[in-house]
Amino acid sequence: MKEIKKIASGAQWENIVGYSRAIKIGDTIEISGTTGQGNDEYEQTVAIIKIAEKALKELNADLGNVIRTRMYCTDISKWKLIGKAHSEFFESIRPVTTLVEVSKLISPEILVEIEFSAVL
């Protein structure tokens, strides 16, 4: 059986909903939908990627191990702001990605949520 390692970030939602920020099973890492603070989609995307980067480091990985991002936003017309922030971290890594608009996220001030998949 493969070892399972779980990481918590201390976000209030983890205990309320009952989930882990990230889980590593063998060589695979999955990071839960992550949100971040910021005044707009760009700032929130940067904050989200930094949270994911911290979780990856706790699992002995880094952004270079990311193979997929799934991005959810509440206003698809702001895709260039999200894409700009994503590109600043992933331009040379180039994971596969999805960016879709959803009607709303867990709180009105949250504009972007991202999931990450990584392989060691």
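Helix H2 comprises 18 residues, 41-58, and at 1.5 Å a residue it should span 26 Å; its end C-alpha atoms are 26 Å apart, which agrees. The expected span is 1.5 Å times one less than the number of residues. Helices (H or I, at least four residues) and strands (E, at least two) are DSSP runs, numbered from the N terminus. The model is predicted, so that local features need pLDDT of at least 70 and side-chain atom pairs count only at pLDDT 80 or more, while totals for chains, interfaces and linings use all residues. Residues are numbered from 1 along each chain as its sequence is written, and side-chain values use heavy atoms, with hydrogens and water left out.

Several residues of H2 are buried, among them Gln44, Ala47, Ile48, Ala52, Ala55 and Leu56. Buried means under 20% relative accessible area, exposed over 50%, and partly exposed in between (1.4 Å probe, protein chains only). An α-helix has 3.6 residues a turn, so residues three or four places apart point the same way. The cover over the buried residues of H2 includes strands S2 (22-25), S3 (28-34), S4 (66-73) and S6 (112-119), together with helix H3 (79-90).

Just after H2, Asn60 takes a positive phi of about 60 degrees.

The protein chain as a whole holds 3 helices and 6 strands, which run β-α-β-β-α-β-α-β-β from the N terminus on. Its radius of gyration is 14 Å, close to the 14 Å that the globule rule gives for 120 residues, so the chain is as compact as a globular protein of that length. This radius is taken over C-alpha atoms, and the rule is 2.2 Å times the number of residues to the power 0.38. Along its principal axes the C-alpha trace spans about 45 × 35 × 20 Å, and 36% of the 120 residues count as buried. Among contacts (heavy atoms within 4.5 Å) between residues at least 6 apart in sequence, 70% join residues at least 24 apart.

Helix H1 (residues 12-18) contains Trp13, which is partly exposed, with a relative accessible area of 27%. Trp13 and Ile106 are 93 residues apart in sequence, yet 9.6 Å apart in space, C-alpha to C-alpha. Glu14, also in H1, is buried at 5% relative accessible area. Its side chain makes a polar contact of 2.7 Å with that of Ser9. A polar contact is a pair of N or O atoms within 3.5 Å; within protein, one must be able to donate a hydrogen and the other to accept it, and residues adjacent in sequence count only if both atoms are side-chain atoms. A polar atom of the Glu14 side chain also lies 3.0 Å from the backbone nitrogen of Gly10.

The loop between strand S5 (96-101) and S6 holds Leu105, which is buried, with a relative accessible area of 15%. Leu105 lies 31 residues from Thr74 in sequence and 7.2 Å from Thr74 in space, C-alpha to C-alpha. Beyond four places in sequence, Leu105 touches Tyr72, Thr74, Ile110, Leu111, Val112 and Glu113.
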